[in-house]
Amino acid sequence: MTARRPTLADVAAEAGVSTALVSIVMRDAPGASAATRQRVLEVADRIGYRPDRRARLLRSGRSRLLGVVFNVQHAFHGDLLTGLYDAAARLDYELTLSAVTPHRDEHTAIAGLLQDRCEALLVIGPSSPTSALAGIAARMPVVALGRDVRHHAVDVVRNADCQGLHQAVDHLVSLGHRRIVHLDGGRTPGTAERRRGYRDQMRRHGLDAEIRIVPGGPTGEDGAAAVAALLDDPPTAITVFNDLAATGVLDTLRRVGLRVPDDVSVVGYDDSRLARLTYLDLTTIAQDTTAMTTHAVERAIARIEGTPVLQREVVTPPHLVPRGTTAAATPPRRP
């Protein structure tokens with residue numbers, strides 16, 4: 001049998017005071033002496049009483065809950081969740097989460113949150129149609145984190161994806177690379193912008209003839225499958241849609257005997273926790289997770305509280321993080 005959760009009445013009985021007085025202490029309201037406050041708090045701690053903040057908020061007509069939809073397959077989403085928790089805590093809000101999994105789509109994940117009395121919805125890398133997000137925005141504030149949603153009712157906080165690929169290409173060209181291939185993210189949000197950034201910067205460097213984009217995806221398996229198409233004539237450098245896909249690229253290259261970075265340089269995207277693992281040491285383009293998550297939470301709360309918002313979209317700049325998977329170009333060595 002599950003142990004009963006201690007109540008306000010239990011604290012009052014144990015401390016020898018009224019429930020009204022315990023309530024005053026728990027709300028940190030005036031009306032109790034210092035000695036009484038200390039005794040009540042000591043009893044509450046000893047018997048394991050915790051105020052039900054959510055119930056109190058609901059009685060006031062508020063929940064101070066921000067619903068967050070994320071995808072369990074994307075390592076970078078975990079990094080964003082950490083930032084969202086920190087940003088929400090600073091502003092005395094809480095998060096409630098709903099995951100997209102291989103067997104649970106985004107529509108289902110969002111529907112679960114709509115039943116939780118959230119005051120706003122934050123969707124990381126939403127794949128839902130713009131019309132669907134706009135429909136939800138008619139009921140509550142919606143912030144799309146990491147995808148450009150072109151609708152006046154939906155707020156957007158995203159990374160400057162084109163700029164990120166500019167930096168990746170610039171870095172590789174500075175190392176003497178010309179045969180630079182881009183493995184894209186398939187249907188994943190941000191794919192088109194990163195693909196365009198790669199193509200535009202290759203042209204700026206006069207490398208029009210070297211432009212090659214290989215269809216890929218956001219997972220390690222996607223990266224491995226995409227790079228397999230390059231093994232007959234390997235390039236000297238590869239930019240990859242994200243860090244997770246880059247892990248598949250690195251594994252495949254090493255399995256066939258191509259050395260990274262001696263034979264092929266690899267650049268990921270996100271600077272997720274994967275990129276920082278010492279055995280990967282992945283050169284990558286970092287998104288500013290602190291700025292993005294802070295802006296997302298602040299924007300959601302501004303909409304909740306009716307604060308005027310001047311610009312619907314916030315775009316944060318990325319930056320290059322050079323590590324051990326890129327080096328000066330050398331003639332490719334066949335496996």
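**Strands, cores and a pocket**

Visitor: Which residue of β4 is the bridge partner of Val 123?
Guide: This is a predicted model. Strands β3 and β4 run parallel and are joined by 4 bridges. Within that pairing, the partner of Val 123 in β4 is Ala 144.

Visitor: In what order do the 6 strands of the open sheet follow one another?
Guide: The edge strands are β2 and β11 (313-316), each of which pairs on one side only. Neighbouring strands are turned against each other by 15° on average, direction ignored. The pairing is parallel, and the order is β2-β1-β3-β4-β5-β11.

Visitor: What angle does the direction of helix α6 make with that of β2?
Guide: Helix α6, residues 106-114, packs on the sheet and touches β1, β2 and β3. Its direction makes with that of β2 an angle of about 155°.

Visitor: Which element supplies the largest share of the largest nonpolar core?
Guide: This core has 24 residues, and Leu 66, Leu 84, Leu 122, Ile 124 and Leu 145 touch the most other members. At least two residues each come from β1 (65-71), α5 (75-90), β2 (94-100), β3 (120-124), β4 (142-145) and α12 (289-305). The largest share, 6 residues, is that of α5.

Visitor: Which residues does Leu 145 touch, not counting those up to four places away in sequence?
Guide: Leu 145 is one of the core residues that touch the most other members. With those up to four places away in sequence left out, the residues touched by Leu 145 are Leu 80, Leu 84, Val 123, Ile 124, Gly 125, Pro 126, Val 157, Met 292 and Ala 296.

Visitor: Which residues lie closest to the centre of the largest pocket?
Guide: The volume of the largest pocket is about 550 Å³. Its lining takes two or more residues from each of β1, α5, α11 (243-255) and β9 (265-270), and the largest share, 4 residues, comes from α5. Of the 37 lining residues, the closest to the centre are His 74, His 77, Gly 125, Thr 188 and Pro 189.

Visitor: Are the residues of strand β6 that point either way buried or exposed?
Guide: Strand β6 (residues 180-183) pairs in the parallel sense with β8 (residues 237-240) over 4 bridges, and 3 bridges join β6 to the parallel strand β7 (residues 212-214). Leu 183 has Val 240 as its bridge partner in β8, while His 182 stands opposite Ile 213 in β7. Ile 180 and His 182 point one way, Val 181 and Leu 183 the other way, and all are buried.

How values were computed:
Residues are numbered from 1 along each chain as its sequence is written. This is a predicted model: local features need pLDDT of at least 70, side-chain atom pairs count only at pLDDT 80 or more; totals for chains, interfaces and linings use all residues. Side-chain values use heavy atoms; hydrogens and water are left out. A nonpolar core is a set of buried Ala, Val, Leu, Ile, Met, Phe, Trp, Tyr and Cys residues joined through side-chain atoms within 4.5 Å. Buried means under 20% relative accessible area, exposed over 50%, partly exposed in between (1.4 Å probe, protein chains only). Contact means heavy atoms within 4.5 Å. Two strands pair if DSSP finds at least two bridges between them. Axes are lines fitted to C-alpha atoms, for helices over the stretch in contact, and angles run from 0 to 180 degrees between N-to-C directions. On a 1 Å grid over the protein atoms alone, a cavity is a set of points where a 1.4 Å probe fits but cannot get out, and a pocket is an open set with protein on both sides within 12 Å along at least five of seven lines; lining residues have an atom within 4 Å of a point. Grid points are joined across faces, edges and corners, and a volume is the space filled by probe spheres set on the points.
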